[in-house]
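Hello,

Here is the structure I said I would pass on to you. Please have a look at it first, and then read my notes below.

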Number of protein chains: 2
Amino acid sequence: MKPARTPQPPYYAVIFTSTRTEIDEGYGATADRMVELAAKQPGFLGVESVRGDDGLGITVSYWESEEAIAKWKREAEHTIARNRGREKWYDEFFTRVAKVERAYSFDRRT
Amino acid sequence: MKPARTPQPPYYAVIFTSTRTEIDEGYGATADRMVELAAKQPGFLGVESVRGDDGLGITVSYWESEEAIAKWKREAEHTIARNRGREKWYDEFFTRVAKVERAYSFDRRT
């Protein structure tokens, strides 16, 4: 995965930081499906997701507006997946909604 | 590493997403040192950092104010490290400064 190619700010970021339980039960397939589904939502700008060897995961998704985030939160499959997350998959998580005010990028090839 | 224990919003997040070159030359020690040094800065609230097997790294640091971020950006060792990053260590990166407007957390043990 590469850094997301987002447009000029302002836009919104949802920073989801988590640690997992030891329960698998479809976690990987659901996580992949959520990325696929998010990418089809109106107002989606990109996503970056990593889970480290020590168990900490960070997923940042980028959105055009607060309204786009609210719609994605209400999406049916996503709602089911979030409930499973609380029931089984996550030991702990933080979801932070933030307004990106400025951004800088660097690309060695340009 | 665990999700950062941040206070109630509003506060600021610096989302740093990167891919690395193959050049090591002190990268790991400098990355550790920057986390240690950031934690000593006024207005620092926490940090979460992960690099995945596919090479994508996400580090999110949290700050009380824009002023705290600006001071950290000017810190001398950090400035040297950032320059090395552009010279050697990073293939590509995005730095996004965002204002966290709301946050939700979940902890299985509580």
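**What I found**

E101(A) is partly exposed, because its relative accessible area is 34%. Please keep in mind as you read that this is a predicted model. E101(A) belongs to strand β4 of chain A. How many residues apart in sequence are E101(A) and Q8(A)? They are separated by 93 residues along the chain, yet their C-alpha atoms are 9.1 Å apart in space.

**Salt bridges**

Let me turn to the charged side chains. Side chains of opposite charge can pair when their charged atoms come close. Over all chains, a search of the whole structure turns up 24 salt bridges. I picked out a few of them for you.

How does each partner stand in terms of accessibility? R102(A) counts as partly exposed because its relative accessibility is 28%. E66(B) is also partly exposed, with a relative accessible area of 26%.

Salt bridges that share partners also build a network, and this one draws on both chains: K2(A), R5(A), D107(A), R109(A), D91(B) and E92(B) are joined into one.

In chain B, the side chains of D107(B) and R109(B) meet in a salt bridge, with 3.0 Å from N to O. R109(B) has 53% relative accessibility, so it counts as exposed.

Over in chain A, K40(A) and E36(A) bring their side chains together in a salt bridge at 3.8 Å, N to O. Is K40(A) buried or exposed? K40(A) is exposed, because its relative accessible area is 60%.

**A charged patch on the surface**

Which residues form the negative surface patch? They are D53(A), D54(A), D53(B) and D54(B). To find one of them, go to the loop between β2 (44–51) and β3 (56–63) of chain B, where D53(B) is located. D53(B) counts as exposed, because its relative accessibility is 73%.

T21(B) is in the loop between β1 (11–20) and α1 (27–38) of chain B. Is T21(B) buried or exposed? T21(B) counts as buried, because its relative accessibility is 17%, and the cut-off for buried is under 20%. A polar atom of the T21(B) side chain lies 2.6 Å from the backbone oxygen of K88(B).

S61(B) is part of strand β3 of chain B. With a relative accessible area of 11%, S61(B) is buried too. What does its side chain contact? The side chain of S61(B) makes a polar contact of 2.8 Å with the side chain of W63(B).

**Backbone details**

Some backbone features turn up in both chains, so I list them by chain here.

- In chain A, the peptide bond joining P9(A) and P10(A) is cis, with omega about 5°. P10(A) falls in the segment before β1 (11–20) of chain A.
- In chain B, a cis peptide bond runs from P9(B) to P10(B), with omega near 5°. P10(B) is located in the segment before β1 of chain B.
- E25(A) is not a glycine, yet its phi is positive, at about 40°. E25(A) is in the loop between β1 and α1 (27–38) of chain A, and E25(A) is exposed because its relative accessible area is 53%.
- E25(B) likewise has a positive phi of about 40° and is not a glycine. E25(B) is found in the loop between β1 and α1 of chain B, and E25(B) counts as exposed because its relative accessibility is 53%.

Happy to go through any of this with you.

Best wishes

Key
Residues are numbered from 1 along each chain as its sequence is written. Chains are lettered from A and ligands numbered from 1 in the order in which they are written. This is a predicted model: local features need pLDDT of at least 70, side-chain atom pairs count only at pLDDT 80 or more; totals for chains, interfaces and linings use all residues. Side-chain values use heavy atoms; hydrogens and water are left out. Patches are made of residues with over 30% relative accessible area and no salt bridge: like charges are joined within 9 Å, nonpolar side chains (Val, Leu, Ile, Met, Phe, Trp, Tyr) within 5 Å. Accessible areas come from the Shrake-Rupley method with a 1.4 Å probe; for residues, only the protein chains shown count as cover. A salt bridge is a side-chain nitrogen of Lys or Arg within 4 Å of a carboxyl oxygen of Asp or Glu. Lys and Arg count as positive and Asp and Glu as negative; His and the chain ends are not counted. The place of a charge is taken as NZ of Lys, CZ of Arg, CG of Asp or CD of Glu. Helices (H or I, at least four residues) and strands (E, at least two) are DSSP runs, numbered from the N terminus. Buried means under 20% relative accessible area, exposed over 50%, partly exposed in between (1.4 Å probe, protein chains only). A polar contact is a pair of N or O atoms within 3.5 Å; within protein, one must be able to donate a hydrogen and the other to accept it, and residues adjacent in sequence count only if both atoms are side-chain atoms.
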